[in-house]
Amino acid sequence: MTTSQSVRDSTGLSRRGFIAAGAGALAATLPAARAAPAPEGPAKLASPVRLGVIGTGGRGTYLMTVALGLEDVEVTALCDINAANLARAVETARAARGTKPAAVTGGPFAYRDLLKRDDVDAVIVTTPMQLHAPMSVDAMRAGKHVLSEVAAAMTLDECWALVAAAEETGRTYMLAENCCYWKPILTIAQMLRAGLFGDCTFAECGYVHDCRSIQFAADGSLTWRGEMNRDARGNLYPTHSLGPVAQWLGINRGDRLAELVAMDTKQASLEFYARRRFGADHAAAATKFAVGDSTTTLIRTARGACIDLRYDTCSARPHPSTTYYALQGVTASYDSRLDGIWIDGRSKEYAWERFGAYAGEFEPPLWKTWGEAARTAGHEGGDFFVIREFIDALLEGRPAPIDAADAAAWSSIIPLSAASLRARNAPQEIPDFTRGRWETRSA
Ligand SMILES: NC(=O)c1ccc[n+]([C@@H]2O[C@H](COP(=O)([O-])OP(=O)(O)OC[C@H]3O[C@@H](n4cnc5c(N)ncnc54)[C@H](O)[C@@H]3O)[C@@H](O)[C@H]2O)c1
């Protein structure tokens, strides 16, 4: 799926070192008290939007390709610490448009040279997850708009730093949560708007994706994903599953995530996999991973709904889809694993109906407009929409549809599920990243 690369490669500075070295800048952005909102709303950018990409591995190069397909975007600069990945992305851009973007490289902080460029309006951050928040905060503080890959942040301090940077700079920050744009997800949103579900009480969702092979490089060393699963317990990748459900439930727009408890299984599958792939005598087989095979987090919202959220990237199982979603309202029920829906007063019997039967009637407006262009893009069209929506927010001067408060709330599950596990499944309060505006926010 991707090329993994350690930040240690060219500089000798580990990711922990990166975070520590950048911590001064980040700490300076933490809100000591309530931060003042930016004086004016986002200004409209002129077309074309000039994009930079930080991290040109598998994901960054792909999202750049999607962006290059839009006529109101120019890709002006790319940055990576890995020369081969950078050269490949520069060549991909040249092949698409005939001109080469600037190539910025060097140590782990070379991206700050890209941020100084005045031919870059906005950046896409597609580095390993542990670097998203510090890079996004730096980018906003340097005056750039940000589209960040998921998850947004790894710690609560980073979550707050993102919110503060977006508020204080007035830059647009969007989380590139592509699952929020899948057609069935947006179709359910249309049904919710039409009132078919009534009051919603319960949702179930999960990211259950056998990712064992990409924890290890060919020589048995750990990729950044492997390092994360070695070092941390908890739900380490919550947004693909939680994001769509949070939007259905109006989280940060009428409701909010209030508290959670987490419980995990023991670790067995990654360690079994390492022994089988590399041999019992290989150093990889001695790696101890902190992450459990499967982690379940239960979240309660302020308005009394519950979300059952599962994370499992270790267990061996084929999967038709990497995520699943279910929603229970007073008058309807949806379950993606059954591809089924039942709607009180509409379904002829008290039995599941095929979800596709409603696809035409509740076709999402975004898909009506962009369906043709989106259909061939990755992740069931989601990759097209995260770029399109980010660019349109900049061109139209409207708020990002998945903003810093949303990104922070969804990503806070990473540190808070870990905190619950450390405290023997004790409840953890989820901060209100809207600073009290969740009941009245509409955009
Ligand atoms: N939304 C999705 O469906 C989806 C799919 C895949 C990956 N992702 C996310 O995208 C991100 C990237 O994943 P990937 O699979 O492309 O990983 P990858 O390892 O292939 O690419 C990461 C790139 O970042 C570069 N990098 C590392 N440190 C850097 C630094 N300090 N400065 C500049 N470049 C640096 C690496 O050299 C590498 O080229 C991850 O956060 C991942 O979670 C999201």
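Mentor: Before we start, contact here means heavy atoms within 4.5 Å. This is a predicted model, where local features need pLDDT of at least 70, side-chain atom pairs count only at pLDDT 80 or more, and totals for chains, interfaces and linings use all residues. Residues are numbered from 1 along each chain as its sequence is written, and side-chain values use heavy atoms, with hydrogens and water left out.

Trainee: OK, Ser-148 then: which residues is it in contact with, leaving aside neighbours within four places in sequence?

Mentor: Ser-148 sits in strand β5; strands (E, at least two residues) and helices (H or I, at least four) are DSSP runs, numbered from the N terminus. Ser-148 counts as buried because its relative accessibility is 0%, and buried means under 20% relative accessible area, exposed over 50%, partly exposed in between (1.4 Å probe, protein chains only). Its contacts are Val-125, His-132, Ser-136, Tyr-173, Met-174, Leu-175 and Ala-176.

Trainee: And what is the strand order of the open sheet?

Mentor: Strands pair if DSSP finds at least two bridges between them. The sheet has 6 strands with parallel pairing, in the order β3-β2-β1-β4-β5-β6.

Trainee: Which strands are at the edges?

Mentor: Look for strands that pair on one side only. β2 (residues 73-79) is joined to β3 by 3 bridges, and in β3 the bridge partner of Cys-79 is Val-104. The edge strands are β3 (102-104) and β6 (173-175).

Trainee: What angle does helix α13 make with β5?

Mentor: Helix α13 (residues 382-396) packs on the sheet, touching β1, β2, β4, β5 and β6. Axes are lines fitted to C-alpha atoms, for helices over the stretch in contact, and angles run from 0 to 180 degrees between N-to-C directions. With β5 the angle is about 165°.

Trainee: Switching to the second largest pocket, which helix gives the most to its lining?

Mentor: On a 1 Å grid over the protein atoms alone, a pocket is an open set of points where a 1.4 Å probe fits, with protein on both sides within 12 Å along at least five of seven lines; lining residues have an atom within 4 Å of a point. α8, α10, α12 and α14 each supply at least two lining residues. With 6 residues, the top contributor is α8.

Trainee: Which residues of α8 are buried?

Mentor: They pack against α10, β11, β12, β13 and α12. After the helix comes Gly-195, with a positive phi near 80°. The buried ones are Ile-185, Leu-186, Thr-187, Ile-188, Ala-189, Gln-190 and Met-191.
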